[in-house]
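Q: Can we go through this one together? I'd like to start with the strands and then move to the charged pairs.

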Amino acid sequence: MKAGIHPDYREVVFQDMTSGFTFLTRSTASSKETITWEDGNEYPVIKLDITSESHPFYTGKQSVNTSAGQVDKFNKRYAR
């Protein structure tokens, strides 16, 4: 790899602002804010609006609308 052209790849904490869920991973994202993690070390924190902990698809709270039912309803209503 060429030196000096790649971003800094380091450990970062991502924090879900809606549920308070946090997880530690590696990323090139930068942040001026820091947080003390469970191991006692201080890491940069990236605040997110939504993660798998709060997304309706992953929590099972998403409503699924089937278009097939809507088409059948339309055909029954306007059948000749």
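A: A definition to begin with: two strands pair if DSSP finds at least two bridges between them. Also, this is a predicted model.

Q: Good. Which residue stands opposite aspartate 16 in E4?
A: Leucine 48 in E4 stands opposite aspartate 16.

Q: In what sense do E1 and E4 pair, and over how many bridges?
A: E1 and E4 run parallel, with 4 bridges.

Q: And E1 with E2, parallel or antiparallel?
A: Antiparallel, over 6 bridges.

Q: Which residues in E2 are the bridge partners of phenylalanine 14 and glutamate 11?
A: Phenylalanine 14 partners phenylalanine 23. Glutamate 11 partners arginine 26.

Q: What about the hairpin of E1 and E2, how many residues between the strands?
A: There are 5 residues between them. Glycine 20 in that hairpin has a positive phi near 80°.

Q: Zoom out. What is the strand order in the sheet?
A: The order is E2-E1-E4-E3. That makes an open sheet of 4 strands with mixed pairing.

Q: Which strands are at the edges?
A: E2 and E3 are the edge strands, each pairing on one side only.

Q: What does the twist average?
A: From one strand to the next, the twist averages 45°.

Q: New topic, charges. How many salt bridges does a search of the whole structure find?
A: It finds 2. Aspartate 8 and arginine 10 form one of them, at 3.8 Å from N to O. Lysine 47 and glutamate 33 form a salt bridge at 3.2 Å, N to O.

Q: Where in the chain do lysine 47 and glutamate 33 sit?
A: Lysine 47 is in strand E4, residues 42-48. Glutamate 33 is in the loop between strand E2 (22-27) and strand E3 (34-36). The two are 14 residues apart, and the pair links distant parts of the chain.

Q: Why does lysine 47 count as partly exposed?
A: Because its relative accessibility is 43%. Partly exposed lies between the buried limit of 20% and the exposed limit of 50%.

Q: And why does glutamate 33 count as partly exposed?
A: Glutamate 33 counts as partly exposed because its relative accessibility is 42%.

Notes
Residues numbered from 1 in each chain as written. Predicted model: local features only at pLDDT ≥ 70, side-chain atom pairs only at ≥ 80, totals over all residues. Heavy atoms only, no water. Salt bridge = Lys/Arg side-chain N within 4 Å of Asp/Glu carboxyl O. Buried < 20%, exposed > 50% of the residue type's maximum accessible area, 1.4 Å probe, protein only. Axes fitted to C-alpha atoms, helices over the stretch in contact; angles between N-to-C directions.
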